[in-house]
There are 4 protein chains.
Amino acid sequence: MYQFRNDYSVGCHPVVLEALSAVNTEHVVGYGADPYTQKCADLIRELCGTPNADVQFMVGGTQTNFTAIAAFLRPWESVLSPVSGHINGHESGAVEATGHKIIPIHTPINGKLSPSLLLPILDECKDKHLTMPRLVYISDATETGSVYTKAELTELSLFCRHHDLFLYLDGARLGCALTSQANDLTLTDIASLTDAFYIGGTKNGALMGEALVITNQALQADFFRIKKQRGAVLAKGWLLGVQFQALLQDGLYFKIAKHAVEVAQYLQGGLKNLGIPMMVESPTNQIFPIVPNSLLPQLDKLCTYEVWGKADESHTVIRLVASFATPLDSATGFLKAIKNLT
Amino acid sequence: MYQFRNDYSVGCHPVVLEALSAVNTEHVVGYGADPYTQKCADLIRELCGTPNADVQFMVGGTQTNFTAIAAFLRPWESVLSPVSGHINGHESGAVEATGHKIIPIHTPINGKLSPSLLLPILDECKDKHLTMPRLVYISDATETGSVYTKAELTELSLFCRHHDLFLYLDGARLGCALTSQANDLTLTDIASLTDAFYIGGTKNGALMGEALVITNQALQADFFRIKKQRGAVLAKGWLLGVQFQALLQDGLYFKIAKHAVEVAQYLQGGLKNLGIPMMVESPTNQIFPIVPNSLLPQLDKLCTYEVWGKADESHTVIRLVASFATPLDSATGFLKAIKNLT
Amino acid sequence: MYQFRNDYSVGCHPVVLEALSAVNTEHVVGYGADPYTQKCADLIRELCGTPNADVQFMVGGTQTNFTAIAAFLRPWESVLSPVSGHINGHESGAVEATGHKIIPIHTPINGKLSPSLLLPILDECKDKHLTMPRLVYISDATETGSVYTKAELTELSLFCRHHDLFLYLDGARLGCALTSQANDLTLTDIASLTDAFYIGGTKNGALMGEALVITNQALQADFFRIKKQRGAVLAKGWLLGVQFQALLQDGLYFKIAKHAVEVAQYLQGGLKNLGIPMMVESPTNQIFPIVPNSLLPQLDKLCTYEVWGKADESHTVIRLVASFATPLDSATGFLKAIKNLT
Amino acid sequence: MYQFRNDYSVGCHPVVLEALSAVNTEHVVGYGADPYTQKCADLIRELCGTPNADVQFMVGGTQTNFTAIAAFLRPWESVLSPVSGHINGHESGAVEATGHKIIPIHTPINGKLSPSLLLPILDECKDKHLTMPRLVYISDATETGSVYTKAELTELSLFCRHHDLFLYLDGARLGCALTSQANDLTLTDIASLTDAFYIGGTKNGALMGEALVITNQALQADFFRIKKQRGAVLAKGWLLGVQFQALLQDGLYFKIAKHAVEVAQYLQGGLKNLGIPMMVESPTNQIFPIVPNSLLPQLDKLCTYEVWGKADESHTVIRLVASFATPLDSATGFLKAIKNLT
């Protein structure tokens, strides 16, 4: 079986496992007050060029998103998110469970927000019987694998600052975004253009863990208390610092993300050569082929994948994902097998 | 330095690390739908003698407590907890953040609840301008190291059933409770006397993880959705199943808990022999010596520990904790050093 | 000035004021435990043909909606509402503030839901990473003045029961809906086809007040406690019972609603005769003419109204509303004045 | 029957009813944007000597308390309240339902907070695993009828400012507090010493309504939106402005409060002369006699009252309340009747 189900289907990168093993018997102070966590937070501040950022490690993406949003907003403030945003469609109402409305914005299939999509909502919400939109949620890469260009993110950032909106970037797949051919952003750009974002570990080589970077100092106050309140403080907090240190200190994080992107792009190119169209052209580690329904039973034997949706009566959109643990050979072998099938 | 700070200051037991390493490169389906998780849930049901229990693995104790309580209660229902209960005093308002009031009950220093402490509150809450108490929160061992006897837990359980109250047991330190000399309860007893409880991993040999056992079938509906909503679904869910399997399958969980208790009891006995009194006689892995303030600077050099509170103007209650990672030698060496000091 | 701004711009119907005055100096027990409230609840049960319904008086519509929804749902359950639903667009995130997601459903301009609009959402939400839709929110009349037919409401009701969804009907303008020419429903029908609904007082002759009728007995438990918790228990609760008694005991409620509908329909017919089109054909007390922007300055001098939205670059949709306090003369005079203007 | 059950058991003062009647047929803009509301807000700012205060009218006390607290606090912040505080014991968990913990403080029987009671809690809460106390809730008069002196309130206010705590005063019975013989505070003092407080209408002559005065400008932002969200915006908002105007413009509010206090004090004095002790010496309109249980059946025939609690096996604390609607004759007659009984 070729493994394209997702990018969180194996444990961690071997280097990360070694790092965890190396500290396993050491006595360390809990709740993230340890030197490993502090050292890694310093490294992240350095990589982001943000000496005053607050770096907060949490366990998972949903947790990071709702804890940050609950910390940043007042009760009457709402979130502007693409309809396809992870917080809107895949987190079981986690943001609403903190009391905040998500206003879903229809976007092109790439899932990207832009000022022209936001402006009409802001006008509508001048009515005081509505919530006050206060935070714009985007992800890079988006749910459909697209990336923001520097021009796009800059324009969005200026718009947000002009309209007193926080810009929050979900970086569950930030590694793959930043190593995509379509990308011209750097970590430093992202840190300077957003109010907060997270560097995803779960989907790029860690057992678990996301590193939230709060660059807007007005949003940093008392973050530990709400993190605790939302169950996001890991007792053995150093486990997160140690993993991110292993991933970030020598560039492993970006190296393995680049690999994932390359494998996926190779797959996408190969499938297109075989005449299989894509729902959307993705430049990252997730691709979305449209396959005839008749092919699905054979695919089921050939590889793991996810059904993304119905394309039409006789076609289905599937999602294939590559990760650090997907050898290029998988793509080659899979394409050969598909060629034989079609 | 002797290490008595807490029972979550090292990584995991070596057997757990081996188990994690063994599956590290395997492709596994996410979010706890994997065979490891299912197999371990079966094992826990078997150990608890509860074939119909729902077993839900989560990452930490605070998360487990508030997710369970939010899942079980209706908005107007409240929680009865000892003043010293972890949810009342150490979780940054996590339960209240889900919308539920905690009614704090004053208890003896052992932190245990009993029907006679609860009854007056129930009477008071017949007034419909108050919340409806619906869940009794206890922990075993308690925050001050005490354990419930079978007679006590049975009495409390009957009382709760009679008054339509759910009985929830926080088992962050359940291993040490069940292996204490003062204990006459079994896992099976606990499963049959409560509506839900959790078997703590974080404080007894796991990297992280708690196994919530929901024995009351009326409380099981749709638990996954709220677990997801509260950030408690680990993407690589099998990491929890694998760890608990390693701990539970051959009794390692109880063996290491028993060791922790024995070391702490040895310490407690030794300190008492040296004339140092205890705030409360604890039969588990945490002890609470009352030491002269003048001793603290020397203790600071000798060991890690936590200050529990002020005993009087010249004395301080400290907490010493043993874990699977505390060799008996630590206790021996520490007692010798203290003897030389006093 | 002709007054068409809304149906809550004067105090109460004179009969209601008399009833309030008549009891003003009497000593009555508080919080709705008084005989007036009980008697009126009995009357409502009788009018609805629901001897087992729980009738709960509250002060306003937003309050009634979110208190009911918070009482009925578990934390992971969500609400299906038309995009145009009052809870989605006019209540400042009140439902989300209770922790529940609203899933907005696109509808025709009449704002009505039907099974075919709901079914795709239910399919999508079989995914356990999403909320569980559990309550369908509709209003009768809708925000754009439309009414459900008996066939439509019956079909929706059957669909909801089949899919284990509660059907909740916002009756802020129920009086006008039930007295519309387009209506073939009765109060009894509504009571038997929904799980809960409210009879609106604020917009039909009361100073304030809505009467929530919970027909589904499974949803009745402990309602008083959550009503208190959400600030919806009026200390002088009898003020609500007395008002509804005055409105309902001799059919005044429906008589004045019918008047409002007739005036609005007269207006709508007259404007159409003058060549002014409607955004939607409304059969109730709100109408939505599309007027040239150039007419607005003159309208501003002639009457009160609300701007509903932009029709195109040179036209605006306005809303004109009639109430018990709008004499038919207003409509006649206004039409004459408009005729002179156009 | 003599009527001493509470101070909200009749409708409104005749002058208030006249004022409501006078505007009943007038067309007024909704949601508090009307001239009556604005004029009354101006009057309140003037009476309080606070030109920059935000005045927000709401319907009831519970609603005012939780809306204000939810507006003022961040999610991890908590409320310090006397155990006897209305928000802690009589509002069905309304504050917790907004997500905030109430930390109950034990006080003397008078229910008053002071710095020495608060300081130990603040010390304890330096621990970041706890909530951050941020708002001190007091009431004047307290639940047991006591009033703060100017010295006490000044000391508390200074303490709060020093410790970055908001001071919020529940003025459900502010009229009676300020007209008590024991009082030396003015409205202006209260406005300058607190961050927000409310002037209670429900318990002093209005049909319903409380006027929240937010003096701290940092707490004023967007209050309307959260008021709407919590169901606290009355559609016919002017009903509140009109009532408070009638009560406040010529001092009626204080005149009738003073009357209530005098009647209650007369009762208290008379009962003490008859040898009936008080649970607490109250200087306002509520008194708390301790009566033999054997007297209760006769009291039940003689007057309305509330049972406050058990004094000992053979005695009960009852509460007698006077209001604007309690003639002095009631007190005289009642005392005479009691004298005959005992």
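The buried residues of helix 7 of chain C are covered by elements that include helix 6 (115–124), strand 5 (132–139), strand 6 (166–170) and helix 9 (187–193) of chain C. The model is a predicted one. Which residues of helix 7 of chain C are buried? They are C:Leu153, C:Leu156, C:Ser157 and C:Cys160. These residues cover an arc of only 100 degrees around the axis, so they sit on the same side of helix 7 of chain C. The face turned away from that buried side carries the exposed residues C:Ala151 and C:His162.

Helix 7 of chain C has 13 residues, 150–162, and at 1.5 Å a residue they should span 18 Å. The end C-alpha atoms are 18 Å apart, which agrees. After the helix comes C:Asp164, with a positive phi, near 60 degrees.

Next, the domains of chain A. Domain 1 of chain A covers 14–248, and domain 2 of chain A covers 253–341. Their C-alpha centres lie 28 Å apart. What does each domain bring to the contact? Domain 1 of chain A gives 20 residues, and domain 2 of chain A gives 17 residues. On the domain 1 side, helix 8 (174–178) and helix 11 (238–248) of chain A each supply at least two residues. Helix 8 of chain A gives the most to that side, with four residues. By class, the domain 1 side has nine nonpolar, 10 polar and one charged residues.

Now to the contacts between chains. Chain B touches chain A through 41 residues, which meet 41 residues of chain A. Which elements of chain B give two or more residues to this side? They are helix 1 (14–22), helix 3, helix 5 (94–97) and helix 10 of chain B. The side of chain B that touches chain A divides into 18 nonpolar, 17 polar and six charged residues.

How are these two copies related? In general, two copies of a chain are related by a rotation about an axis and a shift along it. Here, a rotation of 180 degrees with 0.0 Å of shift along its axis superposes chain B on chain A, with an RMSD of 0.0 Å. Of the interface residues of chain B, 100% are also interface residues in chain A, so the copies meet through the same surface.

Chain B also touches chain C. This contact takes 15 residues from chain B and 14 residues from chain C. Helix 3 (61–72) and helix 10 (223–229) of chain B each supply at least two residues of the chain B side. Helix 10 of chain B provides the largest share of that side, five residues. The chain B side divides into seven nonpolar, four polar and four charged residues.

A rotation of 180 degrees with 0.0 Å of shift along its axis superposes chain B on chain C, at an RMSD of 0.0 Å. That is the relation of a two-fold axis. Which residue of chain B comes closest to the rotation axis? It is B:Arg74, with its C-alpha at 3.5 Å. The same surface serves both copies, as 93% of the contact residues of chain B recur in chain C.

Notes. Residues numbered from 1 in each chain as written. Chains lettered and ligands numbered in written order. Predicted model: local features only at pLDDT ≥ 70, side-chain atom pairs only at ≥ 80, totals over all residues. Contact = placed C-beta atoms within 7 Å. Nonpolar A, V, L, I, M, F, W, Y, C, P; charged D, E, K, R; others polar. Least-squares fit on C-alpha atoms with pLDDT ≥ 70 in both. Domains from an automatic or database assignment. Expected span 1.5 Å × (residues − 1). Buried ≥ 20, exposed ≤ 12 C-beta atoms within 10 Å, placed from the backbone. Arc of directions from axis to C-beta.
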